[in-house]
Amino acid sequence: MTSTKKSDKATAPVIVWFRNDLRVADNRALDAAAESGRPVVPLFVLEDAEDAIPLGGAQRWWLHHSLAALSKSLEELGAPLILRRGDPLAILKEIADETGADTVFWNRRYTPTLTKRDAEIKSDLRAAGWTVESHEGPLLHEPTRLKTGSGGPYRVYTPFWRAFSETPPPRPPLDAPDSLIAHDGDTASDELVDWSLLPTKPDWSGGIADEWTPGEDGAAERLERFLDEAIDGYGDARDCPDGETTSKLSPHLAFGEITPFQIWEATEERRGDAPSSDMTKFRKELVWREFSWHLLVNFPDLPTANFNEDFDAFPWREPGEDLTAWQKGRTGYPIVDAGMRQLWQTGWMHNRVRMIVASFLIKHLLIDWRHGESWFRDTLVDADPASNAASWQWVAGSGADAAPYFRIFNPILQGEKFDPDGAYVRHFVPELEALPDKYLHKPWDAPESVLSKAGVKLGDTYPRPLVEHAGARERAMVAYKDMKGKAA
DNA sequence: TTTTGAGTTGTTCGA
DNA sequence: GTCGAACAACTCAAA
């Protein structure tokens, strides 16, 4: 992958093409460019390619702020970030014309369509005499590296984790370069604001901005705070959606503001200490991310096609108004509505609640998981093609290592179990704030006097349940049997 | 090749 | 209130 540098190239600049790796520390491509001793032209391209999956609004907001942060870091290192919009190959060639560069470094990305495109760009540039280096991407293992005894990909998490644990530990992270040599000469850059990544009419980003600090520094602070405050007891507390019980590193990982290598090292125990069970639990979550990418790379259709083809015969209902009610957080089930509103307001949802709302959409409303996958992709700041697809299929029962279909979350019990004091529901569904705990997760069971005292009018201030739980559960089981009959 | 043990995250029912 | 079994058989991973 590395070509010998020719001597006449010694002073020509190296382009570092940033993609989902918006950081300066532990960045192999940037590190290699700095090590080359040559001027560096950092480039980010807003890609308009037709096969590129458009970013959701929440991620566009994040990208804006992440690029602003990266731009500042690179400025401080001495080489300002160049922003361009359009087709990456054409832009790389333009930059080459402008700067004399004929070398580009990047870090790999693993979304199958993008890997393919990167390979095309690489061969095109090499044919034109360029030096192209693609460096290690944002995974602890190349996603094709782990294989079962018979040489195939894993489809079950536990053996994957076992195999992962038996490989050498992940490498330590790299420091950021001390400084970069700037290219001597003007290279035009778009203005970030002109990309209109931020919402304007209306500006709905307030709730997201309160919650998040995009960028490498924000990511590092988040990691530190998590290890200081939440890792103790993580194993149990992580299931509770209220409060800071999880790392919330997912959006930073999605944009490559932090790497799993940095996280892994930060969770390293002192030499000789066995990792605590909380730490192992957390690491297992990180390895779930690896497993999802392992699945996506080996089964590129994962985001669009049922992994288990039996589900092609599943009798999904037409989405219609039920889907809209779910999206808006108006299903009449408080824990579901709290989750969907948290998503809408903050661009993020607690993992436990993701499972509850996903199960509700699929099993209570019998709506195809792909509608949910697509909504999450549009609204989550951490939307990740691998984790999103693998998790939706897991909940649906159509995926790898899937839950048995009869494992249908009871949204009332789940609410009572994981939000027992109702703090989470009260925060995101304030119209139920005054209801006593006893009825908070099932307001339809409350006596009229209790409802009116709490200022709740069902069907008016808060919706009645879209479906009744026991009946919906029964209907889901029948649909599943129906599918099995057709598939057999 | 055949066999065996096991599988992130749950709910409901009946004792 | 708490506990174990049933839910439905299936596929995967590894011996």
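By class, which residues make up the surface near DNA strand C? That surface has six nonpolar, three polar and two charged residues. The model is predicted, and the mean pLDDT of chain A is 92.

**Confidence**
- In chain A, 95% of the residues reach a pLDDT of 70 or more.
- Residues 1-8 have a pLDDT below 50; beyond near neighbours in sequence, this stretch has five contacts in the model.

**Around DNA strand C**

**Around DNA strand B**
- DNA strand B is surrounded by 16 residues, of which Y157, T158, W288, D401 and N410 are the closest.
- The surface near DNA strand B divides by class into 10 nonpolar, three polar and three charged residues.

**Domains of chain A**
- The domain assignment gives domain 1 (7-137), domain 2 (139-172 + 215-298) and domain 3 (309-487).
- Between domain 2 and domain 3, the C-alpha centres are 27 Å apart.
- Domain 2 puts 16 residues into the contact and domain 3 puts in 20 residues.
- On the side of domain 2 that touches domain 3, α9 (250-254) and α11 (277-298) each supply at least two residues.
- With five residues, α11 gives the most to that side of domain 2.
- The side of domain 2 that touches domain 3 has nine nonpolar, three polar and four charged residues.

Conventions. Residues are numbered from 1 along each chain as its sequence is written. Chains are lettered from A and ligands numbered from 1 in the order in which they are written. This is a predicted model: local features need pLDDT of at least 70, side-chain atom pairs count only at pLDDT 80 or more; totals for chains, interfaces and linings use all residues. Ala, Val, Leu, Ile, Met, Phe, Trp, Tyr, Cys and Pro count as nonpolar, Asp, Glu, Lys and Arg as charged, and the others, Gly among them, as polar. A residue is near a molecule or strand if its C-beta atom, placed from the backbone, lies within 6 Å of it. pLDDT is the predictor's confidence in each residue, from 0 to 100. Two residues are in contact if their C-beta atoms, placed from the backbone, lie within 7 Å. Domain bounds come from an automatic or database domain assignment. Helices (H or I, at least four residues) and strands (E, at least two) are DSSP runs, numbered from the N terminus.
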